[in-house]
Every structure is written in structure tokens, then in C-alpha cells.
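Dear colleague,

Please find below the structure that I am handing over to you. My notes on it follow directly after.

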Amino acid sequence: MTALMFAASNGHDLCACTLLKAGSNPNQAKNNGFTALMLAAQNGQDLCARALLKAGSDPNQANNEGVTALIKAAEKGHDLCARALLEARAQVDKAVPDGRTALAMACMNGHEACALLLLSNDAEADKQTKFGDTALILAVQNGHEHVARALIEAGSDPNKANSTGHTALMLAAQNGHDLCTHALLEAEAAVDQTEGDGWTALMCAVLNAHNLCARALIDAGARLDIKNSSGDTALSLVQKGMAGAHLGIFCDRSGMQPIVGNRYTLNGEDLCEAEFQKLSPQEQHHWACIPPLTPSNNLRAMAALLGS
């Protein structure tokens with residue numbers, strides 16, 4: 001690390017200015033590709049960032065992982081650094097190799113001020129990563145309701161799905177983020193949209209016993225009779241859970257989901273009873289048996305909610 005990098009990283013702007021006047025290269029990078037500007041942005045040192053930009057530091061230079069100073073500032077929530085970089089014409093939609101932009105980084109980490117700043121500088125609200133995730137999907141997946149509302153207000157599509165067919169509403173329900181669920185429903189997210197295997201947001205909520213999400217979805221008119229590719233409805237999933245099924249667990253060989261009855265597990269693999277019985281007695285000896293589960297209080301409440 002050079003003296004300039006150390007000064008920028010720690011916010012010593014007067015030292016940084018002195019070093020720059022003495023001829024320090026503002027674009028010199030470490031072995032990992034980090035420059036003084038990236039270090040300043042990462043640590044929220046906006047005065048140092050401005051001094052470096054004035055001295056000719058490239059706002060769009062990326063490190064070895066494709067991360068620019070703007071992406072790093074947004075990831076950490078340093079809106080003053082992000083503002084300085086945008087004023088210096090940092091590319092607002094430049095992305096790392098997996099497709100995440102500065103906006104995606106800000107939203108997935110709940111940095112509302114950075115998200116609003118980027119949106120006001122024409123960041124593409126619905127730009128998708130290589131996995132199809134939008135900033136809205138990343139925000140609700142992590143429970144950042146205020147960021148989600150800001151994105152919706154900026155025109156983000158609540159029904160855009162990622163590469164597996166999951167929408168923001170499905171992921172909010174799956175992770176139990178009821179405030180995000182409400183925000184999406186208020187934005188008229190499609191309540192009965194399905195992903196690749198036919199799962200709805202309500203099924204996702206039921207599978208993980210997230211009662212508040214399920215209630216919001218039912219109040220919004222979610223249907224109980226839609227079947228997924230396994231033939232299950234939201235109601236049948238609850239009924240299986242009340243009968244001791246291992247909700248959220250599928251048999252790695254038959255595909256049964258959820259596993260009903262005894263569950264057998266070994267080194268991260270799960271088997272249902274039928275597949276376990278196909279093993280030789282010698283093989284069976286190595287598998288641990290998990291009996292049918294006792295319904296949790298959350299699942300009992302879900303059953304009452306769905307009238308099961």
C-alpha cells in the first residue's frame with residue numbers, strides 16, 4: 001500500500017493533497033486492483049475521494065473483481081462518496097461480472113440514501129444480474145422495505161422474475177418479510193404468479209410457516225387451490241405439515257417434496273421411506289432416521305388461518 005492509499009483509506013485529506021501535489025499517481029493500484037479512490041470510497045472518506053478525483057483519479061477504474069469505486073461506495077452505504085463519484089461522471093450502471101450494479105449493491109444492503117441518489121442519476125431500476133435478480137428482488141429478499149418502496153416509486157416492476165421464476169413477492173413471502181410483502185401487494189404485485197415448479201407466494205409462505213405473510217396474501221385474494229408441479233396446494237402443504245411432513249425438505253432421489261413420514265439423512269442427502277427401503281441393510285446402517293415432526297405453533301396458526 002502506498003502512502004497515498006493509506007492517507008485516502010484513513011481520511012487524511014490534507015496528507016493526500018500533499019502527496020498528490022508531490023506527484024503521487026492517483027490511479028496506481030495494489031496487486032488486487034484497489035486504487036486510493038476505491039479505498040476512500042469503501043471507507044466513506046468523501047473529502048479524500050474528491051481530492052483524488054480532482055487530481056485525475058479514474059472514477060470508472062475497476063479492481064481485479066470488477067468492482068469500481070462507485071460500486072464499493074454503494075455497497076457500504078457511503079452516499080457522500082457516491083455523490084462525488086457521480087459528479088465526476090462515474091458510470092452509474094457499470095456492473096461486476098455477476099451483473100450487480102451499484103444500485104443492486106445499495107439495495108441488497110438496505111442503503112436507501114444511496115439507492116435514491118443512484119435512481120436520481122438514471123440508474124436502471126430493473127437491470128437484472130446474470131441470475132435475473134433485480135434491485136427490488138435483492139432488496140425484499142433481505143427485508144429492506146423502505147428501499148423496496150423507493151424502487152417501486154421509481155417504477156421498478158414488482159412482477160419481474162429471476163432466472164428461476166421467483167418474483168420479489170415470492171421471495172419476500174419465503175423469507176418472512178411481511179412489510180415487504182405488504183409493500184409489493186400495495187404495488188399490485190401478481191399474487192398468484194408461479195415460478196418454474198408452480199409455486200406461488202402463498203405456498204412459499206406456508207412452506208416456511210410465515211403467518212403474517214400468508215395472512216397478507218390471503219387478504220389480497222391469493223388462491224388456495226393452485227397446484228405446483230408436485231400436485232400440492234397451499235392447503236395440502238399445511239395438511240401434510242400437520243401430519244408430520246418435513247416441510248421444505250425433498251427426497252434427493254425421488255423428488256418427493258415435502259418428505260412425508262420418516263426422513264433419512266446422510267452427508268447432506270435426504271431420502272424418503274420408499275427410497276430408503278431400496279438400500280441394502282448394510283447401506284441403511286449408515287443413515288440417520290428423523291421421525292415425523294411435531295407441528296410447530298406457527299404451523300398450527302397457519303392451519304387455523306387456512307381453515308385446515
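The buried residues of helix 10 (residues 145-153) pack against helix 7 (102-108), helix 8 (112-120), helix 9 (135-141) and helix 12 (178-186). These buried residues are E145, V147, A148, A150 and L151. Buried here means under 20% relative accessible area, exposed means over 50%, and partly exposed lies in between, with a 1.4 Å probe and protein chains only. Just after helix 10, G155 has a positive phi of about 105°.

Please note that this is a predicted model, in which local features need pLDDT of at least 70 and side-chain atom pairs count only at pLDDT 80 or more, while totals for chains, interfaces and linings use all residues. Residues are numbered from 1 along each chain as its sequence is written, and side-chain values use heavy atoms, with hydrogens and water left out.

The protein has 18 helices and three strands; helices (H or I, at least four residues) and strands (E, at least two) are DSSP runs, numbered from the N terminus. Its radius of gyration is 25 Å, whereas a compact globule of 308 residues would have one near 19 Å. That radius is taken over C-alpha atoms, and the globule rule is 2.2 Å times the number of residues to the power 0.38. The C-alpha atoms fill a box of roughly 75 × 50 × 30 Å along the principal axes. Of the 308 residues, 46% are buried.

Helix 15 (residues 234-242) packs with helix 18 (residues 297-306) at an angle of about 140°, and their axes are 10 Å apart. Axes are lines fitted to C-alpha atoms, for helices over the stretch in contact, and angles run from 0 to 180 degrees between N-to-C directions. The two helices are therefore oblique to each other: angles under 35 degrees count as roughly parallel, over 145 as roughly antiparallel, 65 to 115 as roughly perpendicular and the rest as oblique. On the helix 15 side, A234, L235, V238, G241 and M242 take part, and they meet L299, R300, M302, A303 and L306 of helix 18.

M38 lies in helix 3 (residues 36-42) and is buried, with a relative accessible area of 2%. Beyond its neighbours within four places in sequence, M38 is in contact (heavy atoms within 4.5 Å) with G33, Q61, A62, N63, V67, T68, A69 and K72. Between M38 and L118, the C-alpha to C-alpha distance is 18 Å, with 80 residues separating them in sequence.

Yours sincerely
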